[in-house]
Amino acid sequence: MVSIRELIFICCFVFGLSFGQVVQITTPVDVGEKGNCTCGGFPSSTIDGTVEPLLSQAPGIGVKCDDSGDGICKSLCVALATAAEARGPEILCARLKDANELQLSAFYKICDRPWTYAGISAQGALCCENGNVKVCPSVENATASPEKKLE
């Protein structure tokens, strides 16, 4: 169960993310009982232990290092990914500069556990050129007129 303080933090964080602002609020962490929740975006819904996220955010919420903390962290990361969907492509392209047919997937991790797929991926591919969002070739090909497809 999420405490009132954590719920307030989540609302502030999502609000700040929606407007491109970084909001950092920390919750004291009891050593041994709680750990950090971290959300990350990876270029695939399956990863191995050596891959680092393209971007990550540690909201500063201490969660228990057990299944209940795992559930809280997953819910938070899914909410953040959903809230960032509207401005996500612009933010990603500004950071990555160039990307081709990127299919970003949300992951989360708590404590010393490995990254876990949060069950949510971008609905479409992302392409960036010089830090700007561009239409991906896969979208251009799918929307091309029948005449263009024959050429």
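Mentor: Residues are numbered from 1 along each chain as its sequence is written, and side-chain values use heavy atoms, leaving out hydrogens and water. As the model is predicted, local features need pLDDT of at least 70 and side-chain atom pairs count only at pLDDT 80 or more, while totals for chains, interfaces and linings use all residues.

Trainee: Why does Ser105 count as buried?

Mentor: Buried means under 20% relative accessible area, exposed over 50%, and partly exposed in between (1.4 Å probe, protein chains only). Ser105 has 3% relative accessibility, so it counts as buried.

Trainee: Why does Cys65 count as partly exposed?

Mentor: Its relative accessibility is 33%, so partly exposed is the label for Cys65. Its disulfide partner is Cys111, which counts as partly exposed because its value is 22%.

Trainee: What makes Cys65 and Cys111 a disulfide?

Mentor: A disulfide is a pair of cysteine sulfur atoms within 2.5 Å. The sulfurs of Cys65 and Cys111 are 1.8 Å apart. The structure holds five disulfides.

Trainee: Why is the disulfide of Cys37 and Cys73 called right-handed?

Mentor: The torsion about its S-S bond is about 85°, so the disulfide of Cys37 and Cys73 is right-handed. Cys37 lies in strand E1 (residues 34-42) and Cys73 in helix H2 (residues 67-83), so the pair ties together parts 36 residues apart in sequence. Helices (H or I, at least four residues) and strands (E, at least two) are DSSP runs, numbered from the N terminus.
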